[in-house]
Protein chains: 2
Amino acid sequence: MSHKTLQSNFDVDYVISYRMPKDEDKEAGVTQFRKLIRALAETGLTTEVRRGDETSLLVFVKAADEKILADVVHRSRIKDWLHGVRQVQPSKDVANILTSEPLTEAERHRHIHHMICCPREEGGAGITPKHGEWKNVEAVFPLHDHVKNKKWLSEFTRKTFLTPDDLDEIRNTVGEKIAYYYAFLQSYFSFMIFPAAFGFSCWVLLGNYSPIYAIVNGLWCVVFVEYWKRQEKELAIRWNVKNVSTIEDKRREFAPEKVTTDPVTGEQVWFFPAKKRLQRQLLQIPLAALCVVGLGAIICTCYAIEIFISEVYDGPLKSILVFLPTILLTLAVPTMSNFLTGFAEKLTFYENYETQDAHDKAMISKVFVINFITSYTAIFLTSFVYVPFATILVPYLDILGMTVKPFAENEKQLQTPSPATFTINPNRLRNQMIYFAVTAQVVNFAMETIMPVVTQRGTKKFKEMQSQRAEKHGGTTPSVADNDPPEEKDFLARVREEAALPEYDVTSDLREMCIQFGYLSCFSVIWPLTPVSYFINNWVELRGDTFKLAVECRRPNPARADSIGPWLSSLEFLAWLGSITSAALVYMFSGGDGHGPDGRPHQIKLWALLLSVFLSEHIFLVVRVLVRTAISKLDSAAMRKERSERFMVRRKYLEDAGLGHAVKPIASPPNSPLKTESGEQAFASLTRESLEDEARNQSTSTSGAGEGSVERFWLRQRSWAESERAGLGMIELMDLGTKEAKKAQ
Amino acid sequence: MSHKTLQSNFDVDYVISYRMPKDEDKEAGVTQFRKLIRALAETGLTTEVRRGDETSLLVFVKAADEKILADVVHRSRIKDWLHGVRQVQPSKDVANILTSEPLTEAERHRHIHHMICCPREEGGAGITPKHGEWKNVEAVFPLHDHVKNKKWLSEFTRKTFLTPDDLDEIRNTVGEKIAYYYAFLQSYFSFMIFPAAFGFSCWVLLGNYSPIYAIVNGLWCVVFVEYWKRQEKELAIRWNVKNVSTIEDKRREFAPEKVTTDPVTGEQVWFFPAKKRLQRQLLQIPLAALCVVGLGAIICTCYAIEIFISEVYDGPLKSILVFLPTILLTLAVPTMSNFLTGFAEKLTFYENYETQDAHDKAMISKVFVINFITSYTAIFLTSFVYVPFATILVPYLDILGMTVKPFAENEKQLQTPSPATFTINPNRLRNQMIYFAVTAQVVNFAMETIMPVVTQRGTKKFKEMQSQRAEKHGGTTPSVADNDPPEEKDFLARVREEAALPEYDVTSDLREMCIQFGYLSCFSVIWPLTPVSYFINNWVELRGDTFKLAVECRRPNPARADSIGPWLSSLEFLAWLGSITSAALVYMFSGGDGHGPDGRPHQIKLWALLLSVFLSEHIFLVVRVLVRTAISKLDSAAMRKERSERFMVRRKYLEDAGLGHAVKPIASPPNSPLKTESGEQAFASLTRESLEDEARNQSTSTSGAGEGSVERFWLRQRSWAESERAGLGMIELMDLGTKEAKKAQ
């Protein structure tokens, strides 16, 4: 730790924010608070208590002494070694463990967090924030390193690309899980240069719906996903987190059906039958159906209303009514999707996973389905329903006409145009893609990064004003900061602010990138400038996320990871889907005016459409296999290094066992005079006759006895030299093509 | 080893057959023979030399003493442990290693074989049969256990299913690689009960081309492949070969581009750039093209000739000419495919793989492509070219008519029928499938199992007759057996026979099963009795293979494996392909007479065909994901056992490090009186005032100093008890909903 952070954070490792319950539960709250302090002390953590806000306490925590921490670190390293995360067995010199292999900040935080949160049986304090008996523990978090945060914010905005060192620093500060997100975003951003440049050229030279763009874009998607999979592995080696996902932490909420005793280990095993879980997982099918129906219905309805109002309806209040579908959409979709997410959460909980990893994975796959539907349904409708079939379908929107009857001034306005006169808006699809590529990204950035600052500042201002007003009116509410020791005043004020911040959720950031990748792979052929826009957006995104991480959220608890997790399969799926949609879009809309089939579906030959989709998909799959094979064959410095290390470890063991694989001829049997140069001299004294006599004697003395015959078999030639000679004798007897050898005898 | 085998095989572990070169190279042959005997002796192997056939020697080998073998075994076990094959670190008591964990026969053979064949740097004799300086070493093989072989042959023919114990015995005798083949065949056979029964019902009730059969069959294929993948893993646990594929033996033939020194390990590294290999692998594309063109051309030509002669041509010599295409096919296809296999071998060699595994994998994938084309092209042509398009295409066969002109008697016979009068043979497809399902299997069995016996017996008889005739004519050629000691006569005769047998190649048996699986998954919808036929065939196949293994081939060198290898991906691919072809066949031929579209292609709607293929394929892929997930979630006894063992090992390490995860509270810091029940009494003497005084004193004495403030921060509450009390005091100051608490103060 640097001197500066020591000064600013008072050596505090972690802060626990304890919220006192309302008056009626005060007794219970006090008891639980006592338990908290004791549990922390028993785990070997020193505590200092200060006031938080009006009804909360801040418990500052640090390791009581470095020896206890060293012990925890040592245990964790042994565990890592047993799971194959470490190559080298940790030294048994526990006392010097922290100096011989110093901890990064993130590692230190991780260990302290582990001490606070892991179950008592495993030597931790067993605090589970917001859960069970510890529901009053509002948050357990480390303190921001404001110096470093500032440095990041100013440095990153001056750079186009983050260097590997920057990523390392992120990893050292907030842990591998978030560092993986940064590394992904960084790779994605760098990779985007190519489609951005190519997309721009296509836009200038080839226009929209270019088959060339579609092919290059599909290829790019495959290469990127496969490259990232490789990159993940290399980062895992670089950050020493390979196989970390095999260390599975038990979920606290896991409810076993029964507790059995393992017959081999004698350990208690919490058992939940896989079959039962599988049955529960089957509920995912109705959930998915509900998502499709629920969200689909809302989006389709709003879509139909929108088309009707903007393109068919020509009555009064059109300028106002045109906003109706957007309003409906922005109200209904988040409501529905929150409801579904809640439902998905409950289902995932009900599925009762044993490990946190499995739980998260199951949850993420559900979230992906929901997001997939909310994100892509609208553009899918435009591409594959509105544009080809609008002239057929729009007349049926007539039913909707009924609802606006009251607003109509004369009969004429209400009449929907006949299919012959109605023309679809040929730019609708492109405009929609531009919306998703530009507008939605800007709005999203504003909602995600700028809004929270504004809200936070606003709330702060409001609170200040309120207390000022209260002071004016004479009611001098004593501030919680009044009792702070003067030298801690600034520090405590900062901690109170940090405690009030929300948690940083890296999953939502990853989700956002995945959805973006989906637009790129599936629909960017509509408007080839899409990658250009995303390229710019992602530069901003990374800086915005850094701002969020450093300023708008509490410092996250560092977590290890060796991958971006289930999102990787989402990326693979979206790239695959892209090969289908791109081919369909290109077939339907390319050629001529680039406006597509203009609502005359008979112009689309279904067989040609299906054939192009079929071919495109299978070419995609073959190319993917090729790219995957090619990338897997390439070697890298990190992998070579890892192999060398593993080799060293193995060699050490083999050498320790006296079996090093260096040249070490096995001792020759004592009775064979191997060291003599030719071996011939060694048995010069033994004449052939004497040997044969001996053999004959043996054979007569024990002939016929079963056991003896084995011994005799092996004693005919008593050493390697005798074998050799016997063999040479036999060779002499052979007929090797010419009769010369025989005659010589 | 049992008493019986000791008696019958004279304790011989291995036999090396050394072929003397022709007379002109005799000197070199003698020198190399001497080298052989010395190399074996240096490795710690005892040798006995006997005559083989006319120009070969048999070198009998056994471990010189059990200590040397124990050393080899220990080294191998350490290696296994380092690669994660073993959970438990092998004990350091090398002397008792063979009694504490006895070797199976296959393991003993594997170790001895390793001693004979592994490079000198690794402590072996470095014999490489048929390669390099050891090209005179014709074979290195263990001896058959005839008692066990007989037992197998008689037992297996009496059983319907092999038990797991039978598989274990196979594994213990001939090693895991062959045992995996037996296990696969066994699983496949047992699984086939269902499609056989279902197929029979379909044949009775629904007829050919039933969509229901196609769906069930596709589902069965997915379930079988996924089940086998799981089964493989369980067998790997049962046979302690998990991760064995990570132990990569260097290929002797690997030619590095340069030899560098690893900067980390100081080890010499043989380096061959992956990029260069990738470039060489690109040659696989022309190879594949050559396969398609070469084999495709032959098969298509023969196919066209056959159709012309059997269905169009009506001239003279028809009864003879009808065999022409078959003769052409049986002559040309094996020639071409041997040529291509040779080419593939050369290419694989040129690709220069570092490990034997990678080499085999690359070779197998090429062999699969060649076999795929030779096996499926004909039936593919009938399904998708002949039946739908024959009436259009057959007139073009007219060109062929020219070639038979000389045989024609009158003009009429030569005229090809007009498209209107030509009718395709509606049973052709079914008959072809019946051929592949029944006839081809019988022929194959005869070629593979019965032919070699006949040939061997014939050759033996011929030789006997020859020598008898020679004797009659007075030329008394001395037999090599004349000098055999009488008690060894039978044994040596047996060994000479075994030495003359070919090697057993498990790959070709696996290939055969894969190709059969392909017919089942892709084309069995044509004739639902196919699985019934295969079910019967596979029962015979397993017994035939046992016969081949036990009688017709040398005993194989046991090899370890943890999978059936690359064939697994072939199975996956064929199951996938099946989802496409089955859908197409069902769409084209189901309904009505079950004879298909009868050469009227306009009846096939291309869009409907493509749509059914598209849907079928994607349903297949979704179902595969579901089945895979479901199977991966199921637990088994073997896996539980493995987890328990791993857990035990880990616990042992943690306990050894004094960090067992049993309840063991970390020592509390010495200055905190934790042991007192409530903690309250402990600091009863410290009044609140005195504490605060102290704090105030400290803060005045060092106020403002940076360093001191940290210490002061942590000393405000000197123990957990003080923290607790300070916290309780703060809680008293809180406004928790009601004003009661405040007023009480």
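How much of residues 320–340 of chain A is helix and how much is strand, and how far apart are the end C-alpha atoms? Over this stretch the chain is 90% helix and 0% strand, with the end C-alpha atoms 31 Å apart. Helices (H or I, at least four residues) and strands (E, at least two) are DSSP runs, numbered from the N terminus.

This is a predicted model, in which local features need pLDDT of at least 70, side-chain atom pairs count only at pLDDT 80 or more, and totals for chains, interfaces and linings use all residues. Residues are numbered from 1 along each chain as its sequence is written, while chains are lettered from A and ligands numbered from 1 in the order in which they are written.

## Annotated stretches of chain A

An unreviewed UniProt entry carries the annotation "transmembrane region" for several stretches of chain A, among them residues 320–340 and 604–627. UniProt positions are given in the numbering used here, feature names are shortened, and annotations may be inferred rather than shown by experiment. Residues 604–627 of chain A are 92% helix and 0% strand, and the end C-alpha atoms of that stretch are 33 Å apart. The unreviewed UniProt entry also gives "domain: Anoctamin alpha-beta plait" for residues 11–137 of chain A. That span is 41% helix and 17% strand, and its end C-alpha atoms lie 22 Å apart.

## The four-stranded sheets

In chain A, four strands form an open sheet in the order E2-E3-E1-E4, with antiparallel pairing. Strand E2 (45–51) and strand E4 (137–141) of chain A stand at the edges with a single partner strand each, so one side of each is left without a neighbour in the sheet. From one strand to the next, the twist averages 20 degrees. Two strands pair if DSSP finds at least two bridges between them. Strand E1 (residues 14–19) of chain A is joined by six bridges to strand E3 (residues 56–63) of chain A, the two running antiparallel, and Ser17(A) has Leu58(A) as its bridge partner in E3(A). Strands of a sheet pair through backbone hydrogen bonds, either parallel or antiparallel.

In chain B, four strands form an open sheet in the order E2-E3-E1-E4, and the pairing is antiparallel. Strand E2 (45–51) and strand E4 (137–141) of chain B are the edge strands, each pairing on one side only, and the twist averages 20 degrees from one strand to the next. Six bridges pair strand E1 (residues 14–19) of chain B with strand E3 (residues 56–63) of chain B in the antiparallel sense; the bridge partner of Tyr18(B) in E3(B) is Leu57(B). Helix H2 (residues 26–43) of chain B lies across E1, E2, E3 and E4 of chain B and runs at about 150 degrees to E2(B).

## A hairpin in chain B

Strand E5 (residues 258–261) and strand E6 (residues 268–271) of chain B pair in the antiparallel sense over four bridges, and Thr260(B) has Val269(B) as its bridge partner in E6(B). E5(B) and E6(B) form a hairpin with six residues between them, and Gly266(B) in the turn has a positive phi of about 75 degrees.

## Packed helices

Two packed helices are described by the angle between their axes and the distance between the axes. Axes are lines fitted to C-alpha atoms, for helices over the stretch in contact, and angles run from 0 to 180 degrees between N-to-C directions.

| Helix pair | Angle | Axes |
|---|---|---|
| H7(A) and H8(A) | roughly 155 degrees | within 7 Å |
| H8(B) and H9(B) | about 160 degrees | 10 Å apart |
| H19(B) and H21(B) | roughly 20 degrees | within 7 Å |

The angle makes H7(A) roughly antiparallel to H8(A), and H8(B) and H9(B) are therefore roughly antiparallel to each other, whereas H19(B) is roughly parallel to H21(B). Angles under 35 degrees count as roughly parallel, over 145 as roughly antiparallel, 65 to 115 as roughly perpendicular and the rest as oblique.

Residues are in contact if their C-beta atoms, placed from the backbone, lie within 7 Å. The contact of H7(A) with H8(A) includes Leu167(A) and Arg171(A) of H7(A) and Glu176(A) and Tyr182(A) of H8(A); its residues divide into seven nonpolar, one polar and two charged. Here Ala, Val, Leu, Ile, Met, Phe, Trp, Tyr, Cys and Pro count as nonpolar, Asp, Glu, Lys and Arg as charged, and the others, Gly among them, as polar. Among the residues joining H8(B) to H9(B) are Phe191(B) of H8(B) and Trp220(B) of H9(B), in a contact with 15 nonpolar, four polar and no charged residues.

Notes
Two residues are in contact if their C-beta atoms, placed from the backbone, lie within 7 Å.
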